[in-house]
2 protein chains.
Amino acid sequence: MYYRYLGNLADAGVERISSRELSEALQMTASQIRQDLNNFGGFGQQGYGYNVEKLHAEIGKIMGVDTPHSLIIIGAGHLGQALAGYASYGKRNFTVEAIFDVNPEIIGQEIDGRVVKGMDELEAFVKENGADVAALAVPKSVAVEIARNIRDWGVRAIWNFAPIDLELPKEFPVENVWLLDSLMRLSYDLKDR
Amino acid sequence: MYYRYLGNLADAGVERISSRELSEALQMTASQIRQDLNNFGGFGQQGYGYNVEKLHAEIGKIMGVDTPHSLIIIGAGHLGQALAGYASYGKRNFTVEAIFDVNPEIIGQEIDGRVVKGMDELEAFVKENGADVAALAVPKSVAVEIARNIRDWGVRAIWNFAPIDLELPKEFPVENVWLLDSLMRLSYDLKDR
């Protein structure tokens, strides 16, 4: 949250910000903010506040942005194509290395400069090149099996868009992005109006 | 979370589940589960557990799934097209009513059976038809202004995919889906390995 917000501030040309301003923008108490940023290493100066760019970079380092990461995308439907086309990976040091799909009509097509590979090439690709993160944009009916396989083959983390629990060991990094959950929260919010 | 999980169980043909099984699957304590479900109205039976389909339907009602909702999509890039093509809206009682874009090359094209309208048609459309939810899949540089406008015109809630705070009043329902935040969490998880 800090990283995103400070990045937007930096893009907008803001050079410094006080903990009070941060607290208003992020709707947290100023003391919580000071405590968080102290935990990150304490970058504030009394009477000056925080240098936006420096704080952004420091938090980025904590998040691992100084390490390049490879990303593969499994599933080249609309969502997979959206993920492949994301412009912001560079800033976060992620590179899309390959895109895979099972559909013969999509295999061989070019998406943002990369030729879509068949799912039958996935095993060899991962075993040869590894992959820090695999984005899983496949139907939930096949997601659990694919997840188990790519982990065995050497993928280090999964960014999961299939609306199902992947049933992987707890220590394996998975981030579930379950879009319809947030839509349901809106449905609930609208109920009382 | 309960709704998604129970829906998957129902799809898989599971008829009933105990609070202990739920607790293992959802990684919560059985007593927390019993307490939550009691708050929903208490659907369990001693020695039987929960009827999956019934519990799923009851939680759906609480979430507002029994009320039809209209959805418009603003931004018909890859992400907007992915959102337009989502197959699961019907089950959750959402209907995509219209898709808008600013790009002349996309306007007039058909996406999943709907012709993309121009952004200049948005105001009249919303004022005439209303919209329960607008999915905002536009660049962050224009998101804040579009959000303010569509709220004024009559959109009731925003499903925001632009990585920026929309600066709307707190009481207006907004769900932010900031995809890169979850990717950053993976980047952080990978750091210590």
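Author: Strands (E, at least two residues) and helices (H or I, at least four) are DSSP runs, numbered from the N terminus, and two strands pair if DSSP finds at least two bridges between them.

Reader: How many bridges join E4(A) to E7(A)?

Author: Two bridges join them, and the strands run parallel; E4(A) covers residues 94-101. Asp101(A) has Gly118(A) in E7(A) as its bridge partner.

Reader: What holds strands of a sheet together in general?

Author: Strands of a sheet pair through backbone hydrogen bonds, either parallel or antiparallel.

Reader: How are the residues and chains labelled, and what does the prediction require?

Author: Residues are numbered from 1 along each chain as its sequence is written, while chains are lettered from A and ligands numbered from 1 in the order in which they are written. Local features need pLDDT of at least 70 and side-chain atom pairs count only at pLDDT 80 or more, whereas totals for chains, interfaces and linings use all residues; side-chain values use heavy atoms, with hydrogens and water left out.

Reader: Now Ser19(A), please: is this residue buried or exposed?

Author: Ser19(A) is buried, with a relative accessible area of 12%. Buried means under 20% relative accessible area, exposed over 50%, and partly exposed in between (1.4 Å probe, protein chains only). Ser19(A) belongs to helix H2 (residues 19-26) of chain A.

Reader: What does Ser19(A) touch?

Author: Not counting residues up to four places away in sequence, Ser19(A) touches Ala30(A), Ile33(A), Arg34(A) and Tyr50(A); contact means heavy atoms within 4.5 Å. The C-alpha atoms of Ser19(A) and Ile33(A) are separated by 6.5 Å, although these residues are 14 apart along the chain.

Reader: And chain A as a whole: how many helices and strands are there?

Author: Chain A has eight helices and ten strands. Of its 193 residues, 49% are buried, and its C-alpha atoms fill a box of roughly 60 × 45 × 30 Å along the principal axes.

Reader: Turning to chain B, where does His56(B) lie?

Author: His56(B) lies in helix H4 (residues 52-63) of chain B. Leaving aside neighbours within four places in sequence, His56(B) is in contact with Tyr3(B), Leu6(B) and Gly7(B). A polar atom of the His56(B) side chain lies 3.3 Å from the backbone oxygen of Tyr3(B).

Definitions and conventions:
A polar contact is a pair of N or O atoms within 3.5 Å; within protein, one must be able to donate a hydrogen and the other to accept it, and residues adjacent in sequence count only if both atoms are side-chain atoms.
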